[in-house]
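Here is my note on the model you sent. Please read the points with the structure open.

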Amino acid sequence: MTEDDVVTDSQDEELLTIGAFAARARLSAKALRLYDRLGLLAPAYVDEASGYRHYRADQVERARLVALLRQLDMPLARIAEVVDADGAEAADRLAAYWADVEARVAGQRTLAAYLRGRLSGRSSEMYGKFVVETVDVPRQVVITESRHTLAHELPAWIGASLGRLEEAAGECGGVVAAPFVVYHSEVSMESDGPVEACVPVADEAAARAWAEAAGRAGQARVRVEPARRLAYTRITKAQVTHPQILAAFEAVEEWVTAQGLSYDGPCREVYFADWAAAGAEDPVCDVAFPVVEASGVR
């Protein structure tokens with residue numbers, strides 16, 4: 001190291017030029033400028049006249065840590081959270097991020113397998129795993145909540161909204177049939193529905209009084225679901241996860257087409273089991289489409 005590689009700041013602390021610091025941190029000067037611009041590693045001192053950047057030797061560890069975290073594709077905000085934390089807290093934040101990554105990759109791996117089946121022409125093989133039947137459902141009074149939501153937000157919202165509605169059902173004569181969720185438009189990573197959570201209740205007048213009193217800024221509703229015939233397939237708790245549930249929906253759609261039926265409303269998921277108590281292979285949900293004969297006769 002030459003004398004040109006070191007300067008002294010106002011506290012008589014030796015500072016490294018960006019070139020010397022880059023060599024010690026085993027990074028490029030370009031990377032250091034980027035880290036500064038991103039707010040992840042600011043120079044200890046910048047010469048006002050020349051604009052040259054200088055660093056303290058004890059910043060080397062942070063520079064190397066930032067570089068390694070960027071190799072994990074960690075978002076900048078989370079990198080800042082890790083490098084600004086101490087010891088065990090920093091390790092915990094990294095562990096939490098990596099758990100999220102592994103969960104996302106596991107979902108993507110499953111989706112890739114599903115797509116391989118579709119692209120290789122094995123769709124009929126996948127659909128053949130589902131038994132499709134029909135059931136006639138009588139007119140129902142339902143209390144509902146609706147929301148625009150993306151796919152990754154959907155499971156938490158379904159659980160929370162159905163929980164609220166089932167609790168409210170006590171004021172509406174009680175729950176009289178399985179809760180269900182109606183998809184009024186596509187829900188994906190790009191499309192946000194809307195989705196409607198519905199709980200059938202016994203007392204329409206009490207339900208309307210509840211909705212008027214507890215309207216939750218317009219989210220709470222009461223409506224009458226007409227009598228319908230549903231084409232459905234029953235799936236397990238494990239199959240409710242994405243993308244397995246897509247194959248179930250598509251299996252019902254294929255069956256509806258093969259039977260020459262017409263759709264009579266948006267698709268839905270009917271949750272008839274205790275979700276918390278169910279095991280992965282226990283049936284918990286019917287994936288269903290309202291249908292009519294092609295002539296329009298139910």
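Which residues do ring pairs link into a cluster? They are Tyr-183, Phe-249, Tyr-263 and Phe-289.

1. Ground rules. This is a predicted model: local features need pLDDT of at least 70, side-chain atom pairs count only at pLDDT 80 or more, and totals for chains, interfaces and linings use all residues. Residues are numbered from 1 along each chain as its sequence is written, and side-chain values use heavy atoms, with hydrogens and water left out.

2. Ring pairs. The whole structure holds 6 aromatic pairs. Rings of Phe, Tyr and Trp (its six-membered ring) pair if their centres lie within 6.5 Å; planes under 30 degrees apart count as stacked, over 60 as edge-to-face and the rest as tilted. Tyr-97 and Trp-98 have ring centres 6.5 Å apart and planes at 55°, so this pair is tilted. Tyr-97 counts as buried, at 5% relative accessibility. Trp-98 is partly exposed, at 36%. Here buried means under 20% relative accessible area, exposed over 50%, and partly exposed in between (1.4 Å probe, protein chains only).

3. A pair across the chain. The ring centres of Phe-249 and Phe-289 lie 5.8 Å apart, with planes at 90°, so the pair is edge-to-face. It links distant parts of the chain: Phe-249 sits in helix H9 (residues 244–258) and Phe-289 in strand E13 (residues 283–293), 40 residues apart. Helices (H or I, at least four residues) and strands (E, at least two) are DSSP runs, numbered from the N terminus. Both Phe-249 and Phe-289 are buried.

4. Charge over a ring. Arg-234 lies over the face of Phe-272, at 4.1 Å from the ring centre. The test is NZ of Lys or CZ of Arg within 6 Å of the ring centre and within 35 degrees of the ring normal.

5. Helix H8. Which residues of H8 (residues 204–214) are buried? They are Ala-207, Trp-210 and Ala-211. Seen down the helix axis, they fall within an arc of 95°, so they line one face of H8. The arc is that of the directions from the axis to the C-beta atoms. The face turned away from the buried side carries the exposed residues Ala-205, Glu-212 and Ala-213. Asp-203 caps the N-terminal end of H8, with a side-chain oxygen 3.1 Å from the backbone nitrogen of Ala-205.

6. Cover on H8. Strand E6 (140–147), helix H7 (154–168), strand E8 (195–201) and strand E9 (220–225) are included in what covers the buried residues of H8. Contact means heavy atoms within 4.5 Å.

Key: Polar contact = N/O pair within 3.5 Å; in protein donor to acceptor, adjacent residues only side chain to side chain.
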